[in-house]
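Please look through the sequence and the model before reading on. The report below goes from single residues to the chain as a whole.

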Amino acid sequence: MLSELLTNWTIYANKAAALTTLVIIILINLAVGILPHVDNFAHIGGFLTGFLLGFVLLLRPQFAWQERRHLPVEARTKSKYTVFQYVFWVLSVIFVIAGFTVGLIMLFKGENGNDHCSWCHYLSCVPTSRWHCNNR
């Protein structure tokens, strides 16, 4: 939804309300992820993958372009997409492929990502007086 909002920013009437709502939903999902037995890495990975794939797979309504499609072929010179949409698309494809490749390599090697990051275990569980996190 965030990639859709950024791509179609110009067609939203109340941009601040849409962005605020999405940020609140993202923060709630991340806050739920710090509870014990909830994997916040799944929330973060799903968010990043959905955000990037949103740029790749999202249908972009281009109302002016739709009207131009009835023109003769020689009159159609303008592209349906803008430069930043192509840039987002290319970067998103690269990051999604790289992320899946690194993730699969780590999975098949049996690597634990927490071994490479000393504070990453706090993303999935924050110890409090009410619960303790098993760091294994």
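## Terms for exposure

A residue is called buried when its relative accessible area is under 20%, exposed when that value is over 50%, and partly exposed when the value falls in between. These words are applied here to a predicted model, and they return in each part of the report.

Because its relative accessibility is 41%, Val-90 counts as partly exposed.

How many aromatic pairs does the count come to? The count comes to one aromatic pair, and this pair is formed by Phe-47 and Phe-51, whose rings are stacked, with 6.0 Å from centre to centre and 15° between the planes. Both Phe-47 and Phe-51 are found in helix α3, made of residues 40-57, where they stand four residues apart, or about one turn of the helix.

Are the two partners buried or partly exposed? Phe-47 has a relative accessibility of 33% and therefore counts as partly exposed, while Phe-51, with 21%, is also placed in the partly exposed class.

## Ser-3 and its contacts

Which residues does Ser-3 contact, if its neighbours within four places in sequence are left aside? Ser-3 is then in contact with Gly-50, Phe-51, Gly-54, Phe-55 and Leu-58, and among them Phe-51 is also a member of the stacked pair described above.

## The chain as a whole

The secondary structure of the protein chain consists of five helices and zero strands, so that, read from the N terminus on, its elements follow the order α-α-α-α-α. Of the 136 residues in the protein chain, 15% count as buried, and the chain exposes about 10,300 Å², of which carbon and sulfur atoms supply 69%.

The contacts of the protein chain can also be sorted by separation in sequence: among those between residues at least 6 apart, 57% join residues that are at least 24 apart.

Note on methods:
Residues are numbered from 1 along each chain as its sequence is written. This is a predicted model: local features need pLDDT of at least 70, side-chain atom pairs count only at pLDDT 80 or more; totals for chains, interfaces and linings use all residues. Side-chain values use heavy atoms; hydrogens and water are left out. Buried means under 20% relative accessible area, exposed over 50%, partly exposed in between (1.4 Å probe, protein chains only). Helices (H or I, at least four residues) and strands (E, at least two) are DSSP runs, numbered from the N terminus. Contact means heavy atoms within 4.5 Å. Accessible areas come from the Shrake-Rupley method with a 1.4 Å probe; for residues, only the protein chains shown count as cover. Rings of Phe, Tyr and Trp (its six-membered ring) pair if their centres lie within 6.5 Å; planes under 30 degrees apart count as stacked, over 60 as edge-to-face and the rest as tilted.
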